[in-house]
Amino acid sequence: MLLTTPVAEIQKVFGFPERPNLSPRWNVAPTQEVPAVRREEDGRHLALLRWGLVPFWADDPSIGARLINARGESVAEKPSFREAFRKRRCLVPTDGFYEWKAEGKRKQGYAIRRRDRAPFAFAGLWERWNGPKGGPAPERPLETLTIVTTTANAVLKPLHERMPVILDAADWDLWLDPAAPAPVLEGLLKPAPDDLLEAYAVGPRVNNVRNDDEACAAPLDDAPTLF
């Protein structure tokens, strides 16, 4: 995923008081820290959480590398996610994300962004891990998140059968509301409107997580927007 919108604008859009020193990110990878917006008693707040959920009951934090996404269809029942779905939901601010399509023996990367290039929010779940049960506690709690997914819309379907849940701004308060009923929340876990996003081919630079610059999201020369 990528997040390059200036912090002041992200703060205005999402309504949190913090002014963190966030550098533009063009190639955020799982297990790295990402911004998340959570609801606290006095309103929304921004925190940096590691991407890859570590359930509170886990014995080993390495499980997080396998829990970077949560399927919306089963998130209310699956042991890894159900407590977070009930009590610890968050917004994950972003400007876009990447997907890959097999083309012969190679995979072509695509950037998926809003057509108007505005920032938006994934539906996220977060957890706080205090160490294994009965074992030594870490120096500080480990806070992690996962991104909820759903079936792909018409834009994403040629690339992948799944896509992140993109929440409408009108639904952000509902998603963060600790009293919101599960059936209502599950109703938000749907594909984005087909006219919201576009996908365009990018170069191979994005394939290496060590690369994190504007070139990762630059359209390929002479490659049209396909969807």
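This is a predicted model: local features need pLDDT of at least 70, side-chain atom pairs count only at pLDDT 80 or more; totals for chains, interfaces and linings use all residues.
The chain contains four helices and 11 strands. Its C-alpha atoms fill a box of roughly 55 × 35 × 35 Å along the principal axes. A compact globule of 227 residues would have a radius of gyration near 17 Å. The chain has 17 Å, so the two values agree. Buried residues account for 47% of the 227 residues. Contacts were also sorted by separation along the sequence. Among those between residues at least 6 apart, 65% join residues at least 24 apart.

The accessible surface of the chain comes to about 11,500 Å². Carbon and sulfur atoms contribute 50% of that surface. Charged side chains number 31 positive and 32 negative. The centres of these two sets lie 4 Å apart.

The largest nonpolar core holds 31 residues. Phe-14, Leu-91, Leu-125, Leu-167 and Trp-175 have the most contacts inside this core. Several elements build it: helix H1 (7-14), helix H2 (82-87), strand S7 (120-129) and helix H3 (172-176) each supply at least two residues. Strand S7 gives the largest share, with four residues. Phe-14 illustrates the packing. Leaving aside residues up to four places away in sequence, Phe-14 touches Val-37, Arg-44, Leu-91, Pro-93, Phe-120, Ala-121 and Trp-172. Of these partners, Leu-91 is itself among the residues with the most contacts inside the core.

Most residues other than glycine have a negative phi. Thr-31 is not a glycine, yet its phi is positive, at about 80°. Thr-31 sits in the loop between H1 and strand S1 (33-40). Arg-117 is placed in the loop between strand S6 (106-114) and S7. Its relative accessible area is 34%, so Arg-117 too counts as partly exposed.

Definitions and conventions:
Residues are numbered from 1 along each chain as its sequence is written. Side-chain values use heavy atoms; hydrogens and water are left out. A nonpolar core is a set of buried Ala, Val, Leu, Ile, Met, Phe, Trp, Tyr and Cys residues joined through side-chain atoms within 4.5 Å. Buried means under 20% relative accessible area, exposed over 50%, partly exposed in between (1.4 Å probe, protein chains only). Contact means heavy atoms within 4.5 Å. The radius of gyration is taken over C-alpha atoms; the globule rule is 2.2 Å times the number of residues to the power 0.38. Accessible areas come from the Shrake-Rupley method with a 1.4 Å probe; for residues, only the protein chains shown count as cover. Lys and Arg count as positive and Asp and Glu as negative; His and the chain ends are not counted. The place of a charge is taken as NZ of Lys, CZ of Arg, CG of Asp or CD of Glu.
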